[in-house]
Amino acid sequence: MATAQVWAQDVAKVDSAGLPDAPDAVLAQQQNQHQNSTNASATSDTDGKQTKRILGIVPNFRSVSANVKLPPQTVKEKFIGATEDSFDYSSFIFAGLLAGVAQAEGSYPEFHQGAAGYARYYWHTFADQADENYQVEFFWPVATHEDPRYYTLGHGGFFKRTAYSFSRILITRTDSGRETVNISEIAGAGSAAGISDLYYPSGERSWTKTGQRWVTSVSLDGATFIFKEFWPDINGAIFHQKN
């Protein structure tokens, strides 16, 4: 009788050791694993993901999401990119805002005030925008075989990403993917400032005035790069958009 009891106890121990977890425990574990996988996937899908427009208005066509590799742009694609940035409906609005600020500050006294003065500020501002876009995004990138798109870093601390994005003024990629000096930005903004001397009043054509327009263009592009770098974070945190 005692032998039978010992045998029964041994069998119970073996069976208990070999049994899988209870069904409820297995199901809960699988659900947790699935949830963790889903969360990780959602995070990787939204981190550094650019949208076609910023705030649904400002064109963001040349921004590349983090960790995305794209084929080199053709000459036609570079031309289309510069044209989209120059003649998008938001470009007319932005030119109007800048023209209003410049007129309020009296940046060019030769333009005077009033509606006629604002019109002069407006078309000069719009011409400056379009000229710089074509120089920086089309003519020079085609000549130097550089990629005019902005490649999002998307990871690292605030200062690292800020430094990276602003450094894109001086550093860009070639069509083959190598890093190189950003001749398109530096020379493109400079040539655009030089071309503007053709339509600005004679008093605004000095080396100093032309240099100021050059520096202003480059600085604005640098600020734009910084905003583009952090736009995916802003978009995800405030607007909760993925595309």
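This is a predicted model: local features need pLDDT of at least 70, side-chain atom pairs count only at pLDDT 80 or more; totals for chains, interfaces and linings use all residues.
1. Geometry of the helix pair. Two packed helices are described by the angle between their axes and the distance between the axes. Here helix α6 spans residues 158-167 and helix α8 spans residues 207-239. Their axes come within 8 Å and cross at roughly 135 degrees. The two helices are therefore oblique to each other, since an angle counts as roughly antiparallel over 145 degrees and as roughly perpendicular from 65 to 115. The crossing of α6 past α8 is right-handed.

2. Residues in the contact. On the α6 side the contact is made by F158, R161, T162, Y164, S165 and F166. On the α8 side these meet G222, A223, F225, I226, E229, F230 and D233. By class, the residues of this contact comprise seven nonpolar, three polar and three charged.

3. Aromatic pairs. The count of aromatic pairs comes to 19. One of them joins F158 and F159, with 5.4 Å from centre to centre and 80 degrees between the planes, an edge-to-face arrangement.

4. Exposure of that pair. F158 has 52% relative accessibility and so counts as exposed, the cut-off being over 50%. F159, at 70% relative accessibility, also counts as exposed. F158 is thus listed both in the contact with α8 and as an exposed residue.

5. Aromatic cluster. Which residues do ring pairs link into a cluster? The cluster consists of Y108, F111, Y121, W123, Y199 and Y200.

Conventions:
Residues are numbered from 1 along each chain as its sequence is written. Side-chain values use heavy atoms; hydrogens and water are left out. Axes are lines fitted to C-alpha atoms, for helices over the stretch in contact, and angles run from 0 to 180 degrees between N-to-C directions. Helices (H or I, at least four residues) and strands (E, at least two) are DSSP runs, numbered from the N terminus. Angles under 35 degrees count as roughly parallel, over 145 as roughly antiparallel, 65 to 115 as roughly perpendicular and the rest as oblique. A crossing is left-handed if the near helix is turned anticlockwise from the far one by less than a right angle, and right-handed if clockwise. Contact means heavy atoms within 4.5 Å. Ala, Val, Leu, Ile, Met, Phe, Trp, Tyr, Cys and Pro count as nonpolar, Asp, Glu, Lys and Arg as charged, and the others, Gly among them, as polar. Rings of Phe, Tyr and Trp (its six-membered ring) pair if their centres lie within 6.5 Å; planes under 30 degrees apart count as stacked, over 60 as edge-to-face and the rest as tilted. Buried means under 20% relative accessible area, exposed over 50%, partly exposed in between (1.4 Å probe, protein chains only).
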